[in-house]
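Here is a briefing on one protein model. Look over the sequence and structure, then read the points below.

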Amino acid sequence: PESLEENLKGSVRTDLKKAANHLHIIEEDHIDPFLNLIQKSYQIKGQTPPYRMDIFPKLDEKLKERKQRKIFLAVDAHNKAHAGVYIIFDQDRAYYFSGARDASLDQYNGLTLALWHGIQYSASRVNIFDFEGSILPDIEFYFRAFGGELTSHIKLVKTRNKWLHLLSLFLNKEYH
């Protein structure tokens with residue numbers, strides 16, 4: 001845990017201190033409170049979740065049976081959920097599957113507290129915490145503030161000119 005804390009950026013440290021003064025973490029066994037947070041996260045933006053919500057409970061049921069998931073909620077003194085994270089485990093790593101927050105209650109940075117708790121818990125089970133990344137700059141920046149390392153994903157590029165293709169590989173730049 002100490003080495004994890006060393007990698008935190010100042011903004012995350014500040015958010016954690018602020019959140020810890022007003023919120024605490026509970027481990028939730030049921031999916032419904034987390035699904036409610038997902039709905040609130042997208043509702044306030046006037047959007048719908050980018051995945052089918054009816055599949056989530058089925059997935060959760062199987063993962064719960066296999067003891068391969070944890071749900072952590074940041075709640076206030078009245079047990080009102082401010083934010084939460086859903087983490088999936090395999091034998092080697094933990095995966096940040098989803099996070100959600102009630103934006104109307106976001107003044108205490110509950111998502112940061114819930115995610116940090118999830119990372120700490122995961123460190124007791126596995127050696128790797130996979131944030132699953134994002135191509136959205138704000139989200140990527142947020143994850144990096146927890147000390148995550150940027151890992152490239154495989155990219156397939158088709159070029160018709162073999163010399164330009166080799167040059168693009170050498171320069172590590174895409175050719176279109």
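## Helix 3 and its neighbours

The buried residues of helix 3 (32-43) make contacts with helix 4, strand 2 (69-75), strand 3 (81-89) and strand 4. Contact means heavy atoms within 4.5 Å. Buried means under 20% relative accessible area, exposed over 50%, and partly exposed in between, with a 1.4 Å probe and protein chains only. Helices (H or I, at least four residues) and strands (E, at least two) are DSSP runs, numbered from the N terminus.

This is a predicted model: local features need pLDDT of at least 70, side-chain atom pairs count only at pLDDT 80 or more, and totals for chains, interfaces and linings use all residues. Residues are numbered from 1 along each chain as its sequence is written, and side-chain values use heavy atoms, with hydrogens and water left out.

**Helix 3**
- The buried residues here are F34, L35, L37, I38, S41 and Y42.
- Down the axis of helix 3, these buried residues fall within an arc of 155°, so they line one face of the helix. The arc is that of the directions from the helix axis to the C-beta atoms.
- Helix 3 has twelve residues and reaches 16 Å from first C-alpha to last, close to the 16 Å expected at 1.5 Å a residue. The expected span is 1.5 Å times one less than the number of residues.

**Second largest pocket**
- The second largest pocket holds about 820 Å³ of space. A pocket is an open set of points on a 1 Å grid over the protein atoms alone, where a 1.4 Å probe fits, with protein on both sides within 12 Å along at least five of seven lines. Its volume is the space filled by probe spheres set on the points.
- Lining residues, with an atom within 4 Å of a point, number 31, and the closest to the pocket centre are Y42, Y96, G99, L111 and I139.
- Strand 4 gives the most to this lining, with six residues.

**Helix 5**
- Ten of the 14 residues of helix 5 are buried. Among them are L111, L115 and W116.

**Two single residues**
- S98 sits in strand 4. At 6% relative accessibility, S98 counts as buried.
- Leaving out residues up to four places away in sequence, S98 touches F34, I38, Y51, G84, V85 and Y86.
- A77 lies in the loop between strand 2 and strand 3. At 74% relative accessibility, A77 counts as exposed.
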